[in-house]
Amino acid sequence: MALVAGIDSSTQSCKVVIRDADTGELVRQGRSGHPDGTEIHPDHWWTALQKAVAEAGGLDDVAAISVGGQQHGMVCLDADGEVVRPALLWNDTRSAGAAVELINGAGNGDPVAGARYWAGATGTVPVASLTVTKLRWLAANEPDNAAKVAAVCLPHDWLTWRLAGYGPGSGAAGLAALATDRSDASGTGYYSTAEGRYLPDVLASALGHVPTLPKVLGPLEQAGRTPAGAVLGAGAGDNAAAALGAGAELGDVVMSLGTSGTVFAVSDTAPADASGLVAGFADAAGNYLPLVCTLNATRVFDATAALLGVDLAEFNRLALSAEPGAGGLTLVPYFDGERTPNLPDATGTLHGITRTNYTPANLARAAVEGVVCSLADGLAALQDQGVAARRILLVGGGAQSGAVQDVAASLLGTRVTVPRPGEYVADGAARQAAAALTGHFPAWSADAVDLPGGTDDAGVLARYRRLALAYA
């Protein structure tokens with residue numbers, strides 16, 4: 001029985017699953033937390049990975065490993081392989097102004113023309129989360145650090161590199177060994193998803209020079225081996241890995257509720273949305289992954305539960321006890337600013353308060369409805385790009401909430417399926433590790449529950465969209 005390991009290095013934690021390469025059976029697993037913040041030194045990821053691996057019983061008997069990681073994070077290395085400065089993560093919004101500069105610059109001051117250029121060239125219009133905007137911010141605000149940058153990689157690239165035995169002191173040979181995959185490369189802002197190549201002119205305009213970039217591997221290619229001889233898969237961005245873990249196929253839309261909210265589809269066409277709502281990413285299996293991302297998902301539930309003085313189980317019960325529509329309460333959940341729509345400085349708003357409807361149950365229900373409505377707008381944006389949603393796979397920690405399932409079935413207007421609970425990103429990485437080992441993706445079984453459909457009789461989505469327009 002060959003064993004494979006899948007790693008999920010997310011914003012909040014590192015998770016490791018070890019599975020049977022043939023059947024996908026879970027053998028053991030481990031987890032370790034990451035520090036809070038939007039600026040993190042990558043050494044914290046490495047420390048957390050070691051702790052998670054130890055909790056999972058080690059990797060001595062593992063034949064292949066692959067890493068799924070949070071996308072976009074800017075990891076800059078100097079000529080010796082040392083980290084130049086703490087990584088700026090996807091949810092760090094200080095580069096919002098740099099995104100505007102990049103758009104306007106490409107359009108000679110015309111943001112519409114600039115957005116069209118970026119959508120056509122890279123598949124994605126710059127927002128604060130993308131690596132390219134963070135590099136432009138670095139060049140403008142920390143020029144001494146920018147000048148030291150000899151290589152740029154992403155969180156999953158860096159961890160794969162470390163697993164291969166490289167690190168500080170590796171020098172030019174080490175930097176040349178950096179590798180990534182097309183799913184994570186497509187989220188940088190200096191890679192053409194449609195053409196499958198880096199865009200050095202774009203990178204030079206942001207950073208001021210073109211550093212070493214990781215080699216982009218295909219879905220079944222190996223990134224090397226660990227010092228102990230285990231095969232290293234190409235790795236993937238977290239959303240692409242989650243699609244593998246959830247068993248998403250062409251025509252499926254994955255709606256994920258975690259720290260962030262994401263809606264993405266497996267497609268055979270590379271999208272180019274000049275509105276900026278849909279990011280034209282690649283997936284981890286050779287297709288494309290048009291994606292909409294929001295900054296606000298389960299943390300809205302956490303904050304509301306804390307306000308009400310209850311745990312998440314009671315928050316869920318309260319939300320289910322309220323009638324659809326929350327008695328007229330509507331929450332626009334832009335607690336941490338927002339990425340889609342691109343409103344990095346926005347704040348959340350609660351509308352429609354009366355003495356009658358201002359109850360714990362309605363507030364809990366409004367929080368769930370607000371988050372699901374935000375993701376429903378993401379689904380609509382995908383459909384506007386020609387995505388035909390055959391079914392929606394509801395995944396992530398928030399997907400296990402009965403209240404989320406109830407609201408999603410009522411508001412989304414499409415068949416909703418909830419795969420069995422799991423670490424979808426780590427599971428997808430493990431599946432990719434098996435593919436790197438054997439040369440093909442295994443057909444692991446994925447148990448799921450179809451939700452009974454409902455209707456939005458309370459007009460929740462229409463009311464939310466009317467109120468959200470005020471932010472435009």
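User: In this predicted model, is Asp92 buried or exposed, and what is its relative accessibility?

Analyst: The model is a prediction, and in it Asp92 can be judged against the cut-off for a buried residue, which is under 20% relative accessible area. Asp92 falls on the buried side of that cut-off, because its relative accessibility is 4%.

User: Which residue does the side chain of Asp92 meet in a salt bridge?

Analyst: Side chains of opposite charge can pair when their charged atoms come close. For Asp92 the N to O distance in the salt bridge is 2.8 Å, and the partner is Arg94.

User: Arg94 also meets Glu39, so how many residues apart in sequence are the parts that this pair ties together?

Analyst: The side chains of Arg94 and Glu39 form a salt bridge with an N to O distance of 2.7 Å. Arg94 belongs to the loop between strand S7 (87–88) and helix H2 (96–106), while Glu39 belongs to strand S4 (residues 39–40). Arg94 is partly exposed at a relative accessible area of 34%, and Glu39 is likewise partly exposed at 32%. The pair therefore ties together parts whose separation in sequence, in residues, is 55.

User: Which helices hold Arg365 and Asp406, whose side chains meet in a salt bridge?

Analyst: The side chains of Arg365 and Asp406 meet with an N to O distance of 3.1 Å. The pair ties together parts that are 41 residues apart in sequence, because Arg365 and Asp406 lie respectively in helix H13 (residues 360–384) and helix H14 (residues 402–411). Arg365 is buried at 3% relative accessibility, whereas Asp406 is partly exposed at 33%. In the order Arg365 then Asp406, the helices are H13 and H14.

User: How many disulfides does the count come to?

Analyst: A pair of cysteine sulfur atoms has to lie within 2.5 Å to count as a disulfide, and by that rule the count comes to zero. Cys14 is in no disulfide, its nearest cysteine sulfur being that of Cys153 at 16 Å, and Cys14 is buried with a relative accessible area of 0%. Cys153 is buried as well, at 1% relative accessibility, and its sulfur is 8.3 Å from the closest cysteine sulfur, in Cys76, which is too far for a bond. The number of disulfides is therefore, by the 2.5 Å rule, zero.

User: Within what arc do the buried residues of helix H9 fall, seen down its axis?

Analyst: Helix H9 spans residues 200–207, and its buried residues are Val202, Leu203, Ala206 and Leu207. Seen down the axis of H9, these residues line one face of the helix, because they fall within an arc of 110 degrees.

User: Which helices do the buried residues of H9 pack against?

Analyst: H9 is followed by Gly208, whose phi is positive, near 105 degrees. The packing partners of the buried residues of H9 are helix H3 (111–122), helix H4 (131–141) and helix H5 (143–148).

User: What angle separates the ring planes of Tyr117 and Trp118?

Analyst: The search of the whole structure finds seven aromatic pairs. In the pair of Tyr117 and Trp118, the ring centres are 5.6 Å apart and the pair is edge-to-face, because the angle between the planes is 75 degrees.

User: How many residues apart in sequence are the parts tied together by Tyr334 and Tyr471?

Analyst: Tyr334 and Tyr471 form an edge-to-face pair, 4.8 Å centre to centre with 70 degrees between the planes. Tyr334 lies in the loop between strand S20 (330–332) and strand S21 (349–351), and Tyr471 in the segment after helix H16 (460–468). Tyr334 and Tyr471 are both buried, and the separation in residues of the parts they tie together is 137.

User: Over the ring of which residue does the charged end of Arg162 sit?

Analyst: The charged end of Arg182 sits over the ring of Tyr288, 5.4 Å from its centre. For Arg162 the distance from the charged end to the ring centre is 4.5 Å, and the ring belongs to Trp46.

Technical notes: Residues numbered from 1 in each chain as written. Predicted model: local features only at pLDDT ≥ 70, side-chain atom pairs only at ≥ 80, totals over all residues. Heavy atoms only, no water. Buried < 20%, exposed > 50% of the residue type's maximum accessible area, 1.4 Å probe, protein only. Helix = DSSP H or I, 4+ residues; strand = E, 2+ residues; numbered from the N terminus. Arc of directions from axis to C-beta. Contact = heavy atoms within 4.5 Å. Salt bridge = Lys/Arg side-chain N within 4 Å of Asp/Glu carboxyl O. Phe/Tyr/Trp six-rings, centres within 6.5 Å; stacked < 30°, edge-to-face > 60°. Lys NZ or Arg CZ within 6 Å of the ring centre and 35° of its normal.
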